[in-house]
Amino acid sequence: MAETAKYGIVIIGSGPGGYVAAIRAGQLGLKTLVVEKDDKFGGTCLHVGCIPTKDLLLNAEVYDYFKNAKEFGIVCKEFSIDWAAIQARKTKVVTKLAKGVEFLLKKNKVESIQGHGRWAGAGRITVTDAKGQTREIQVAKIVVATGSEAKTFPGFEPDGKTILTNKEILALKAVPKSMVIMGAGAVGVEFASIFHRFGTKVTVLEMLPHAVPLEDEEISVELEKSFRHQGIALETQAKVEKATKTANGVSVSYTRADGKPQAIEAETLLVAVGRSPNTQDVGLEKSRVKLERGFVKVDPYMQTDEPGVYAIGDLVASSPLLAHVASREGIVAVTHAAGKPVEPINYTQVPNCTYCEPEISSVGLTEHQAREAGHKVRIGKFPFAANSKATILGSREGFVKIVSEEKYGEILGVHMVGPRVTEMIAEAVVAMRLEGTVEDLACAIHPHPTLTEAVMEAAHAAHDWAIHF
Ligand SMILES: Cc1cc2nc3c(=O)[nH]c(=O)nc-3n(C[C@H](O)[C@H](O)[C@H](O)COP(=O)(O)OP(=O)(O)OC[C@H]3O[C@@H](n4cnc5c(N)ncnc54)[C@H](O)[C@@H]3O)c2cc1C
């Protein structure tokens with residue numbers, strides 16, 4: 001055990017929760033330290049999550065444009081995928097952004113240490129480096145931001161070649177000929193959209209009755225319809241039982257909705273069945289921090305039950321596993337730790353985005369949840385098929401659906417599936433934050449021709465007054 005140093009706040013983990021918390025702590029004048037076990041900042045989001053997947057989705061979209069070039073009057077006789085170049089661009093994007101995080105931490109006078117951080121008692125943490133040397137650090141406040149890892153099961157351990165999680169799939173040496181994806185949540189359907197467009201024969205197996213099961217049911221149904229139309233095989237109520245490696249890849253056994261056993265063979269299997277919180281081996285077992293199925297319980301200011309210890313991001317119980325949520329939780333935690341006023345997060349106004357093709361975005365209550373909560377509900381819906389920009393783009397699938405309260409028109413939820421809808425949901429978030437009504441959305445003039453007009457039209461549609469439908 002070596003020297004001690006004193007910090008106002010130490011953040012363990014540098015994902016979008018940790019590094020944003022650190023920057024804000026620096027801005028608030030706290031002597032701040034980030035402890036990161038990897039050799040680069042940015043966490044899951046930057047290295048094996050949000051950023052590399054969105055980069056690959058863009059590559060897949062460009063490839064799609066080439067395939068459909070004729071529709072746009074472009075003659076394109078020879079084109080093909082250069083997988084190594086695709087991977088190189090992805091690495092370039094990730095490296096550039098990681099350098100940006102490093103710069104921002106320095107700019108805000110945040111110090112950093114590489115090593116494994118652990119809570120070591122009131123006001124203390126230890127950091128163990130790659131050589132196994134441990135130093136103790138004194139701190140006033142601690143933010144645990146150690147994130148999550150892909151969930152795996154015995155018999156489904158990733159091997160980097162055949163059985164994959166979000167990490168190994170991003171480092172594949174070639175586009176696989178075929179792939180089974182276990183789980184039709186955000187990660188599963190995004191990778192399905194990437195690899196299907198690169199030419200992989202994709203089969204998605206989902207245990208629940210619908211793909212993207214947390215979304216409004218109509219949105220799930222629309223995505224399922226689109227996947228099948230595109231040629232992505234999707235089986236719901238399919239319970240995967242076993243993965244057996246074969247000469248050519250893997251055989252995946254599952255039980256179908258009708259109870260019949262089934263097996264499918266593919267070159268690769270992606271396990272995308274959720275995330276496990278990184279709450280082991282962080283010293284929390286010796287603290288008063290309470291866990292719920294491994295996730296940390298916190299109060300509205302992200303404080304755990306251990307005085308002076310906060311938790312943010314993917315490891316927080318009942319918090320959606322999203323980068324922007326982790327970042328906001330980081331800001332709430334350090335602002336509170338600095339003794340400054342801060343507003344707790346309203347989790348009913350968190351935008352959810354899934355960057356599959358077609359994209360999905362939503363905020364607030366689904367129609368079912370609104371009715372279950374006892375609201376008298378008015379629905380406004382507008383299809384992209386009737387939106388001029390969607391027609392220009394040649395991407396007319398999907399719709400915008402607004403769930404509002406019947407009497408006063410309060411917006412309870414907004415749900416979208418279609419082209420570029422992940423860029424459109426922030427409008428609904430702001431409207432809900434300002435306690436806006438469908439009338440506000442309908443009367444706010446939206447520019448023409450844009451996809452955003454579909455939001456205005458869906459608001460008009462709540463009173464059966466949509467203009468273009
Ligand atoms: C394939 C995929 C795609 C995704 N796409 C999106 C998306 O498009 N949009 C979105 O909002 N979310 C997306 N997510 C989710 C998003 O990545 C996470 O919600 C986000 O990264 C959580 O941030 P975090 O800071 O809590 O943890 P993480 O990003 O997981 O970071 C935790 C950090 O802590 C470090 N660490 C762990 N233990 C220790 C320790 N003991 N000591 C020191 N350091 C430690 C880790 O090395 C890591 O750097 C995606 C996730 C996946 C898997």
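Modeller: Ten aromatic pairs turn up in a search of the whole structure; a pair here is two rings of Phe, Tyr or Trp (its six-membered ring) with centres within 6.5 Å, stacked if the planes are under 30 degrees apart, edge-to-face if over 60 and tilted otherwise. The rings of Tyr63 and Phe198 have a centre distance of 6.3 Å and planes at 40°, so this pair is tilted. Because Tyr63 belongs to helix α3 (residues 50-67) and Phe198 to the loop between α6 (186-197) and β10 (201-205), the pair ties together parts that are 135 residues apart in sequence. Helices (H or I, at least four residues) and strands (E, at least two) are DSSP runs, numbered from the N terminus. Tyr63 and Phe198 are both buried, where buried means under 20% relative accessible area, exposed over 50% and partly exposed in between (1.4 Å probe, protein chains only).

The pair of Trp83 and Phe195 has ring centres 6.0 Å apart and planes at 50°, so it too is tilted. Trp83 lies in helix α4 (residues 83-107) and Phe195 in helix α6, so this pair ties together parts that are 112 residues apart in sequence. Trp83 and Phe195 are both buried.

Residues are numbered from 1 along each chain as its sequence is written, and side-chain values use heavy atoms, with hydrogens and water left out. The model is predicted, local features need pLDDT of at least 70, side-chain atom pairs count only at pLDDT 80 or more, and totals for chains, interfaces and linings use all residues.

Next come the nonpolar cores, each a set of buried Ala, Val, Leu, Ile, Met, Phe, Trp, Tyr and Cys residues joined through side-chain atoms within 4.5 Å. The largest has 46 residues, of which Val10, Ile11, Leu105, Ile125, Ile137 and Ile142 touch the most other members. At least two residues of this core come from each of β1 (6-12), α1 (18-27), β2 (32-36), α4, β5 (124-128), β6 (134-144), β19 (309-311) and α8 (323-337). Helix α4, which holds Trp83, is thus among the contributors. Leaving out residues up to four places away in sequence, Val10 touches Leu33, Val35, Ile125, Ile137, Val139, Lys141, Ile142 and Val143; a contact is heavy atoms within 4.5 Å. In soluble globular proteins, nonpolar side chains tend to be buried together.

On a 1 Å grid over the protein atoms alone, a pocket is an open set of points where a 1.4 Å probe fits, with protein on both sides within 12 Å along at least five of seven lines, and lining residues have an atom within 4 Å of a point. The second largest pocket holds about 990 Å³ of space; grid points are joined across faces, edges and corners, and the volume is the space filled by probe spheres set on the points. Its lining has 34 residues, and Glu61, Tyr65, Arg197, Glu357 and Ser395 lie nearest the centre of the pocket. At least two lining residues come from each of α3, α6 and α7 (217-230), and α3 gives the most, with eight.

One of the residues nearest that centre, Glu357, begins a cis peptide bond to Pro358, with omega near 0°. Pro358 lies in the loop between β20 (352-354) and β21 (359-364). The bond from His448 to Pro449 is also cis, with omega near -5°, and Pro449 is in the loop between α12 (438-443) and α13 (453-461).

Lys109 lies in the loop between α4 and β3 (111-114) and has a positive phi of about 60° although it is not a glycine. Lys109 is exposed, with a relative accessible area of 70%.

A further ring has a charge over its face: Lys381 lies over Phe399, at 4.4 Å from the ring centre. The criterion is NZ of Lys or CZ of Arg within 6 Å of the ring centre and within 35 degrees of the ring normal.
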